[in-house]
Amino acid sequence: MKKLSAMVLATALATPVVATAADSEDPIIIPIHNWSSQIVMSHVVGQMYEEMGLNVEFVTTDSQAVYESVRLGDVALELEVWEGAFGHSFREALSKGGLHDAGDHDAVTREDWWYPMWTKDACPGLPNWQALNDCAEIFATAESGGKGRYLDGPVDWLKHGKERVEALGMNFVVVNAGSAAALWAEIGAAEPDMRPVVVFNWTPNFAEAVWPGEFVEFPTWEDGCDSDPAKGPNPDALYDCGNPADGYLKKAAWDGMPDKWPSAYCVLTKLSFTNPQIAEMAKFVDIDELEPEEAADEWLAANRDIVDPWIGSCT
């Protein structure tokens, strides 16, 4: 931590009342991942901190390894802890110490296999996963060897699509998308001729307003389905359940953040975004094609009534 300036130190010594500790001049390092809502939200919060006179830096960080980075204090916080994608990594880091749960967003999340509604016309037993498997051949491509093709999220999201296919004996091959944009491109390319597709998707994001669709209904999630083979229908395998249908979206913070940046930490604990707010953040980038910094500007300008009380209550 940087030393206090002489003026600040003199003021502190001359003040007879106990005051709240000042935030460090060191930059608050905010991690950036590879999906739009997280990138825009990070810039929204970063700009809020800058309005408070704080220094901010952004660093591109793996979305699973970030919890180790938070735990070690290499980054200060994580703004989107999705239960389905990152709950396991988050819990592992919590067990080691060094970071903590900084509260939930109002948003309720779901992450799983998904299809646009025109796909249901070709496979009317949907959303049942067994009906999907019975229709596997309609998802086959030249490269899938006669099996259905499922486009999963990027590898670092660790969605365990291949493990689920094996655990449930599904007639599918799993291909990982290189980015979130590749998922949207897959859906967009299938739309003109209503070609059946099944891809990884999640809510909240902008896609639900552009392409109406449904999540595939797999065996209901049970706690331990990712760690205990006894959970789920296959007693010999993990990941034989769907993801939580009403998952959390949490915030995480380095244990040293409250002492080093008390005002920033206060704002972190108070801010809480909803599904529509998060979807709008993603829309500014994925549909309106704004740069993340511009998207954050737009979102903040339209939502001062939401963010100003968070800032005001902590400064």
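Two residues are in contact when heavy atoms of theirs lie within 4.5 Å. In this predicted model, 19 residues of domain 1 are in contact with 15 residues of domain 2. The protein chain has 315 residues, and buried residues make up 52% of them.

**Overall build**
- The protein chain contains 14 helices and 10 strands.
- Along the principal axes, its C-alpha atoms fill a box of roughly 80 × 45 × 30 Å.
- Among the contacts in the protein chain with a separation of 6 or more, 71% are between residues 24 or more positions apart.

**The two domains**
- Domain 1 consists of two stretches, 22-108 + 247-312, while domain 2 covers 110-215.
- Taken over C-alpha atoms, the centres of domain 1 and domain 2 are separated by 29 Å.

- In soluble globular proteins, nonpolar side chains tend to be buried together.
- Here, the largest nonpolar core has 89 residues, and those with the most contacts inside it are Y49, W113, F172, M257 and F273.
- Helix α2, which spans residues 36-51, gives the most to this core, with six residues.
- Both domain 1 and domain 2 give residues to this core, so the core lies between them.

**Packing of helices α2 and α13**
- Two packed helices are described by the angle between their axes and the distance between the axes.
- For α2 and helix α13, the latter formed by residues 292-302, the angle is about 65° and the axes are 8 Å apart.
- Angles of 65 to 115 degrees count as roughly perpendicular, and α2 and α13 are therefore roughly perpendicular to each other.
- The crossing in which α2 passes α13 is right-handed.
- On the α2 side, the residues that meet α13 are I39, V40, H43, V44, Q47, M48 and E51.
- On the α13 side, their partners are P292, E293, A295, A296, D297, W299 and L300.

**Serine S263**
- S263 is located in helix α11, which runs over residues 262-270.
- Is S263 buried or exposed? A residue is buried when its relative accessible area is under 20%; S263 has 17% relative accessibility and therefore counts as buried.
- Leaving aside residues up to four places away in sequence, S263 touches D23, M52 and C314.

Definitions and conventions. Residues numbered from 1 in each chain as written. Predicted model: local features only at pLDDT ≥ 70, side-chain atom pairs only at ≥ 80, totals over all residues. Heavy atoms only, no water. Core = buried A, V, L, I, M, F, W, Y, C linked by side-chain atoms within 4.5 Å. Buried < 20%, exposed > 50% of the residue type's maximum accessible area, 1.4 Å probe, protein only. Helix = DSSP H or I, 4+ residues; strand = E, 2+ residues; numbered from the N terminus. Domains from an automatic or database assignment. Axes fitted to C-alpha atoms, helices over the stretch in contact; angles between N-to-C directions. Parallel < 35°, antiparallel > 145°, perpendicular 65-115°, else oblique. Left-handed = near helix turned anticlockwise from the far one by under 90°.
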